[in-house]
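My notes follow, in the order I looked things up.

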Amino acid sequence: MDWMKLREVNMKESLLRRLMFLHEKYEDLFLEKNFKLFNDKLKKELEMSRKVDLTEKLEEYEKNKVRIINANDWDYPVKLREITDYPLFLYVKGKTEFFNYGINYRKKFSETNDSVYYHHYRSSGSGNFNGDRKHIGVVGTRRSTKFGRSACEKVVRELLNYDIILVSGLAEGIDTIALSTVVDKNKKSIAVVGSGLDVVYPYENKRLWEKISEEGLLISELPLGTKPLKWNFPKRNRIIAGLSDGILIAESFKSGGALITAELGFSMDREIFAIPGFINYPSFEGCNNLIKKNKAKLVTCGEDIAIEFLWDLKSKKSRKDKLDDEERLVFSQLKEETSLEELVKINKMATNSILSILMRLKLKGLITETGTAKYMRIV
């Protein structure tokens, strides 16, 4: 927790980031081999920080059941490292096991070396990082329509069958609908907020806020007492994108926070999904544009997202048991990627008949189309 001392002496964020990047522990700064390299101004700031007493502040956080995680802690979420300006401190309340973290890799010499360490860590399959890729961000406009709220609730409710962890922002509108759906079903949720964890915003979400802090996880990069200032929210969106494996834009105008989150996710190679809306609804212009520009996959149900991630569902075995003879035959032939032409030739059936069977198997979530008229099992 000693890194907090540097923030208490108002050290510039860029300098604090660099020091934490180069040194694993606060105490390492004062080793003679390191300290002698600093200029006089920095030495003075460091000496001032050693005199800071954090006892009273930490007691306040403990009283509020808030834990502080810094970027050098072993349980800092590894995926957040993909953000250029990842938060140096996270204030969390609730079940931190909802993070998808592994053992924290160390930063040593440069961004280039760090990239090498990072990719080595990813390829090693260590810890939980690769996991099941089930952190799904759901964001959208505060000014949601009845159609948007209904569509969001439907897709989220279906996604819960796949044991996802939903990540959202706890704002009015779509965020509230998504998180309420999860909480009502007693499922896993992470809410990233734009205020201190002792400042409920919007106040109408007080019950939801408290429920998530007990059964899910609340996250902020802002210290206790921070008001929900408007510039906190766009910045918060990068954490939602960073924690998510995929991001669903449930309803969005042509500009706004949801699209910022989508663009951030797109830049981090996250899977982006969007619910389409009526072309004369301004509140769906953002979603429709993402789909039109091939920046988001069109989804109308939770299974659309599940198929993209190749998730298994417990009920799929029973679905296979309910196949008719033609479906069972074609399904058995898809042990590896197979083209439509091959299936027609093997079964000596009309192209339209094979296509009809394939469509039924896709709708049951048992196969996926992997390329131009090529298909394979996903279970």
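Entry 1: I began with contact, which means heavy atoms within 4.5 Å. I then looked up Ile249: leaving aside neighbours within four places in sequence, Ile249 is in contact with Val139, Ala258, Ala262, Ile272, Phe273, Ala274, Ile275, Cys287 and Leu290. The largest nonpolar core has 91 residues, and Leu46, Ile249 and Ile305 touch the most other members. A nonpolar core here is a set of buried Ala, Val, Leu, Ile, Met, Phe, Trp, Tyr and Cys residues joined through side-chain atoms within 4.5 Å. Buried means under 20% relative accessible area, exposed over 50%, and partly exposed in between (1.4 Å probe, protein chains only).

**Entry 2: ground rules.** I noted that this is a predicted model: local features need pLDDT of at least 70, side-chain atom pairs count only at pLDDT 80 or more, and totals for chains, interfaces and linings use all residues. Residues are numbered from 1 along each chain as its sequence is written, and side-chain values use heavy atoms, with hydrogens and water left out.

**Entry 3: the whole chain.** I found 17 helices and 12 strands; these are DSSP runs numbered from the N terminus (helices H or I, at least four residues; strands E, at least two). Of the 379 residues in the chain, 51% are buried. Among contacts between residues at least 6 apart in sequence, 69% join residues at least 24 apart.

**Entry 4: Thr261.** Is Thr261 buried or exposed? I read 0% relative accessibility, so Thr261 counts as buried. Thr261 lies in helix 11 (residues 257-267). Not counting residues up to four places away in sequence, Thr261 touches Val139, Asn237, Ile240, Ala241 and Ile247. Thr261 and Ile247 are 14 residues apart in sequence and 8.1 Å apart in space, C-alpha to C-alpha.

**Entry 5: Arg270.** I placed Arg270 in the loop between helix 11 and strand 8 (271-274). Which residue's backbone oxygen lies 2.8 Å from a polar atom of the Arg270 side chain? I found that this is the backbone oxygen of Gly242. Arg270 also forms a salt bridge with Glu82, the closest N and O atoms being 2.9 Å apart. That pair links distant parts of the chain, 188 residues apart, with Glu82 in the loop between strand 1 (67-70) and strand 2 (89-94). Arg270 counts as buried because its relative accessibility is 10%, whereas Glu82, at 23%, counts as partly exposed.

**Entry 6: other salt bridges.** I use the term for a side-chain nitrogen of Lys or Arg within 4 Å of a carboxyl oxygen of Asp or Glu. The structure holds 22 of these salt bridges. The side chains of Asp75 and Arg67 make one of them, at 2.3 Å, N to O. Asp75 is buried at 4% relative accessible area, while Arg67 is partly exposed at 36%. I also looked at Arg360 and Glu327, whose side chains meet in a salt bridge at 2.5 Å, N to O. Arg360 sits in helix 17 (residues 351-363) and Glu327 in helix 15 (residues 325-332), 33 residues apart. Arg360 is partly exposed at 27% relative accessibility, and Glu327 is buried at 2%. Salt bridges that share partners join Asp324, Glu326, Glu327, Arg360 and Lys364 into one network.

Definitions and conventions. Polar contact = N/O pair within 3.5 Å; in protein donor to acceptor, adjacent residues only side chain to side chain.
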